[in-house]
Structures are given as C-alpha cells and as structure tokens.
Amino acid sequence: MTQWHNDRHHLASAPVVVGIDGSPGAATALDWAADLAARRGRELRVVHAEDSAGRRLLHDRYGTRMPELAGHLRVRRSSLVDNAVQRVRDRHPQVRVSVGVADANPAGLLIRDSATAYRVVIGPSGTSALPGHLGSILLTVAAHAEGAVVVVRTDPDSGHMVREHGPVVVGIDGSRVSEGALAAAFEEAAERAVELVAVHAWSDLDLGWMAGEFDLLVPVSDVGETEREILAERLAGWKEQYPDVKVVRRKYLADPVAALREWSKSAQLLVVGSRGRGGYLGMLLGSTSNALVQHAQCPVMVVHPEPE
C-alpha cells in the first residue's frame, strides 16, 4: 500500500504544476489547479513553453520578418504569464506562485516538471496553429509524465463548466497500475469529503485476449465471482486507511470506457491508471485512459505507477 511519506510527489515542497498557452481550456485548467493548490496548501507552478514546431512554421511563413515577429511573441509570452499569475492571485491571494518559461517543447517541459510535482494539470485543447498538435501534447504528457496528470475536461451539458459536485469515480482492473489510481482516488475523495465510486468493468472479449485465446474460457457466472473478489480485495486495505470515505461498488460486464464515460457525466473527478491489465507490455497509455482524457465530461486524473 502506498505510504505518502515515502512518495516524492507528496513532499511538502511538491507543487501543483499547470501548463498554460492562452487558450480558454488552459484558463479553466489554471483555475482548477489554483483551487487545488489552495485546498492542499501547495505552491502553484505556472509553466509556459513556446512550441518549436510552431516557430518553424512561422519562420517558413514570414521569413525576413521573423525577428520583428519574435519580438511580438516575447511580449505576448510575458503578458500571458503575467496575466496568469495575476488571475491566480485575484482568485487565491494566499497561494504561492512560481513561473517556468522556456524555449522548449511544451510536453517535454511538463514531463520534466512532473518528476517533482504533486499534480500536473493541463487543459484539453489549445491554440496551436498545427492541426492536432495540442492533442499530441496532451497525450504525450498523459503517457510519459510521472505521478498523476489531470486533464481538466468540462461538462458540455453545463455550458462547459467544471462540475464541482458529485462523487470521485475510480476505475479498477486488479493491476498494479490501478492500485496507484485507488490510492489517489481515496485521497481525493477524503479531501473533498465526497463518496468514492469504485467501478470495475470487464468484457468477455477482454478475457479472451488476456488468455491469448479468442473464445471465452470461463463461464460468465464464475467470471463475475472472480471479478467481485478482485474488487473487494483491492478496496479492503484502503477502506481501513480512509474510514470516513463512503465507498460504492459498481460492476459491469461491459466496455470499461463506456462505463467510465457514463459516470463522467455526474462525477467531479474521474481517476484511472495509465494503463490496465489488458494493455500490451511496454504500453505507456492504455486505451481506456487514452479515450477518457479525450472524451470524458469531467476532469480526468491519470495515475502512473511508481517505479518498482
């Protein structure tokens, strides 16, 4: 079981790190990260990096005017960061704020900072001129960062606001990766004083692939009992550590993405491991977490396991 005093991400010096780029999604992520830093009494580190691929595109387009344009970009970057810091101070005057600005790949900068971060927070979209490039940054950070990454997705049914009520929902599959997700989910539910919904979803097809076969090898009734035991075993120790957290168990013979995405319509936070027991060896971001950071309707926390 995770012991926070042995975890560098829970040191008192570990900040909440948030990436900004001037987009509405990044502004929402900034507010969410500032609220988290205020609740947990942590420093907020605001990070901004210029996109090297975008600079090459601008150089190809503007040629000799690039030095003049570069000056405008530096002014814009300074203004962007200053406005972000002021936004945080207006919202939470007591929060300590630091800034990280670099001429570097945005994903690389966030991944580097994740090694000592309490949480890394990013928005679901941005302002890149390159089609799909910001999506690749999101997936790169979610796949390669250390610790926990939160993608602040909003609820389209509420005018794209971040939901501030509802349970914390965690996906469980019995793997070591989901154990880290459970630890983070119990911590979040306890800090927010809300119930924790533990969702365990599986399908016949998953079982066949896991066994290297295309046919179901175990009767469905037996599978259900096995999965019930997995869920009970995974929850037992954490319930002892967090006795005040009410836990609701939900089991589905269904696609995990569909089950968790449905829960994202009422949850205030969805927590998943970076990859599951059905993932291929060496996979850094599983299909479930990949789908949810792009399509869920609430913030999604992707938890990476600590090195063995």
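Student: Where is the place of R74?
Tutor: R74 lies in helix α3, residues 66–91. Helices are DSSP runs of H or I with at least four residues, strands are runs of E with at least two, and both are numbered from the N terminus. The model is a predicted one, in which local features need pLDDT of at least 70 and side-chain atom pairs count only at pLDDT 80 or more, while totals for chains, interfaces and linings use all residues. Residues are numbered from 1 along each chain as its sequence is written, and side-chain values use heavy atoms, with hydrogens and water left out.

Student: Why does R74 count as exposed?
Tutor: Exposed means over 50% relative accessible area, buried means under 20%, and partly exposed is in between, with a 1.4 Å probe and protein chains only. R74 has 52% relative accessibility, so it counts as exposed.

Student: What makes Q241 partly exposed?
Tutor: Its relative accessible area is 34%, so Q241 is partly exposed. Q241 belongs to helix α8, residues 220–241. Its C-alpha atom is separated by 9.0 Å from that of F186, 55 residues apart along the chain.

Student: Why does Q297 count as buried, and where is it?
Tutor: Q297 counts as buried because its relative accessibility is 12%. Its place is in the loop between α10 and β10 (300–303). Leaving aside residues up to four places away in sequence, Q297 touches T154, D155, P156, D157, R163, S264 and K265; contact means heavy atoms within 4.5 Å.

Student: What is the phi of H160, and why does H160 count as exposed?
Tutor: H160 has a positive phi of about 60° although it is not a glycine. H160 sits in the loop between β5 (148–151) and β6 (168–171). Its relative accessibility is 53%, so H160 counts as exposed.

Student: Which loop holds A193, and why does A193 count as exposed?
Tutor: A193 is in the loop between α6 (176–192) and β7 (196–202). At 71% relative accessibility, A193 therefore counts as exposed. A193 is a residue other than glycine, and its phi is positive, near 55°.

Student: How do you know that α9 and α10 pack, and which residues meet?
Tutor: Helix α9 (residues 256–263) and helix α10 (residues 287–295) pack at an angle of about 35°, with axes 10 Å apart. P256, V257, L260 and R261 in α9 meet S287, T288, A291, L292 and H295 in α10. By class, this contact of α9 with α10 has five nonpolar, three polar and one charged residues.

Student: What belongs to the largest nonpolar core?
Tutor: A nonpolar core is a set of buried Ala, Val, Leu, Ile, Met, Phe, Trp, Tyr and Cys residues joined through side-chain atoms within 4.5 Å. The largest has 47 residues, and L44, V121, V170, F186 and V271 have the most contacts inside it. With residues up to four places away in sequence not counted, V121 touches residues including V16, V17, W32 and V150. A second, separate core of 32 residues includes L109, L110, V199 and V302.

Student: How many helices and strands does the protein chain have, and what share of its residues is buried?
Tutor: The protein chain has ten helices and ten strands. Of its 308 residues, 48% count as buried.

How values were computed. Axes fitted to C-alpha atoms, helices over the stretch in contact; angles between N-to-C directions. Nonpolar A, V, L, I, M, F, W, Y, C, P; charged D, E, K, R; others polar.
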